[in-house]
Amino acid sequence: MSHKGPASEEAMIVGAFEHPLRVAPQHSALRFSAECAKAALDDAGLRPEDVDGLCVTGDSMAPVYVAEYLNLSPSWIESSGIGGPSPLLHVLHARDAVRAGTARVVVITYGSTARSSAAAFGTTGRPQTTDPMGVDDFNAFDAPYGVVLAAQYAMVANRHMHEFGTTHEQLAAIAVACRSHAALNTNALYRDPITVDDVLASRPIASPLHLLDCCVISDGGGAVVVAHPDVAADCRTKPVAVLGGGQALAHGEAGRRSIIHVGAEQSGPRALTEAGIGTDDVDFCMLYDSFTITVLSTLEGLGFCKIGDGGSFVEGGRLQLGGDLPINLDGGALSSNHPGRRGIFLLVEATRQLRNECGSRQVPNARIGLCHGTGGFLSGRHSATTVILGAS
Amino acid sequence: MELASMPERPGPIVTPETAEYWAAGHRGVLLIGSCEICGHIFFPPRAVCPRCWESGAGCTASGGRGSVYAFSVVHQNRNPGFRDNLPYVVALVELEEGVQLMTNLVDCDPNEVRVAMPVGVVFQPLDDKVSIPLFRPVTP
């Protein structure tokens, strides 16, 4: 199946930037967001006065603060927060806004000081709150039990092993693949090669997940620019098309959830259908790798293999550069960076791959890249967003 | 991990909608959601039925027995109440009534926990109003 290609009026990604810093105690989150916005515009050859749309996730008022920091006055704003995939959702909303004529140049930016703030995303629970507008009432049913984020993901791995005989060695192959790509990325936080045995020998965090099954925590930021095709025609970059998108939510299903099924099962087919392609047409994937099990579940959910076959699918170097389906060419959250909301980096790397500018970690002849973000708790409530990008 | 070995663990924030659930625990009763309109059984309990969307959904007492659906042995948690009690077992338990709930497994060696292991409820009082359900291995 060949993809239908972008319609001539479709929005394009014209600029992309990932901040090179990983540990930056002197930076604020706003500075990261601002520097990334500027650099992504520079990449496109656009100027601040060209911008009429702004997307920032994090605090629900984040766009207001970033706009103030940059003294920007956008006429289209977006602050949707669904955890890690938020920037992917922003791209789909920005595309729709450009398509509808309500924005022409949208900057999607993100910054965070997660590492310097000592945010322990994976080993703390989500706090209960008494916020009168809060939606966290159900957290009271988890909070007394010390259900750290890593354990929420670990239980999916535990159940997957029980139902399908999946092994820790197979999960470890995902971490090894990401590290092999990080070795080719001079900005990545961890670049020394690792083996399956290294993953198994690292200390346990929440069984069956060990330290090297878990993403790093870094500072950092990134940005992309989505623009009308008329604008794209004048940009200095080769534009990248948004071929399709899909969104989904998953949750406890009132106590009757089968936790091996993830939101990607809904968002993936929606995105593939919109793009008019099948999984065989995808040249590479950028998958939110909060934990190794996240990648395995995502690959199954997206339809690259059957549910339950993920363990054997990820073995044998398939996910590494040169394999059938290279993933996370920047090294992923498992090795390169994770300042939260990693969806932005999936977009940045996919865009650069589709512009054929990734040097030693370039996927040869990359024409179609699939980005998928998972936010929240894989074993319970989580969000999923799939965005399929195409080279022009 | 011994029962009542985590006295500093955070208690739940009790709201008017969930007060009955936590108070029942203090009487040694595990409640699950039960819709008086359509008969749906669900968890966690809530005021609006997640099947028919009618308000006024109630609760019914669970028999308190089930099996381990999935679990994780937690080795890192720096929060008070947990950091001095590592490792401990977090589990999704599937009750015989067909619904899952999050809990800790107690009175067992974390290395001996298995999926599908039969378990039964016990309650740990956190204060004079709230007791939380925990589970421990039972003979089938």
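Predicted model: local features only at pLDDT ≥ 70, side-chain atom pairs only at ≥ 80, totals over all residues.
1. Starting with the interface: chain A puts 36 residues into the contact and chain B puts in 44. About 3,300 Å² is buried between the two chains, and carbon and sulfur atoms account for 58% of that area.

2. On the polar side, 17 residue pairs are in polar contact across the A/B interface, counting pairs with both residues at pLDDT 80 or more. Salt bridges between chain A and chain B come to zero.

3. Which elements of chain A give two or more residues to the side that touches chain B? They are helix H4 (149-164) and strand S5 (204-206). H4(A) gives the most, with eight residues. Sorted by class, that side of chain A holds 16 nonpolar, 13 polar and seven charged residues.

4. A:Asp330 sits in the loop between helix H10 (310-313) and helix H11 (332-335) of chain A. Is this residue buried or exposed? It counts as buried, because its relative accessibility is 0%.

5. The side chain of A:Asp330 makes a polar contact with the side chain of A:Arg342 at 2.6 Å. Leaving out residues up to four places away in sequence, A:Asp330 touches several others, including A:Glu18, A:Ala182, A:Met286, A:Phe345, A:Glu349 and A:Arg361.

Key: Residues numbered from 1 in each chain as written. Chains lettered and ligands numbered in written order. Heavy atoms only, no water. Contact = heavy atoms within 4.5 Å. Buried area = accessible area lost by both parts, 1.4 Å probe. Salt bridge = Lys/Arg side-chain N within 4 Å of Asp/Glu carboxyl O. Polar contact = N/O pair within 3.5 Å; in protein donor to acceptor, adjacent residues only side chain to side chain. Helix = DSSP H or I, 4+ residues; strand = E, 2+ residues; numbered from the N terminus. Nonpolar A, V, L, I, M, F, W, Y, C, P; charged D, E, K, R; others polar. Buried < 20%, exposed > 50% of the residue type's maximum accessible area, 1.4 Å probe, protein only.
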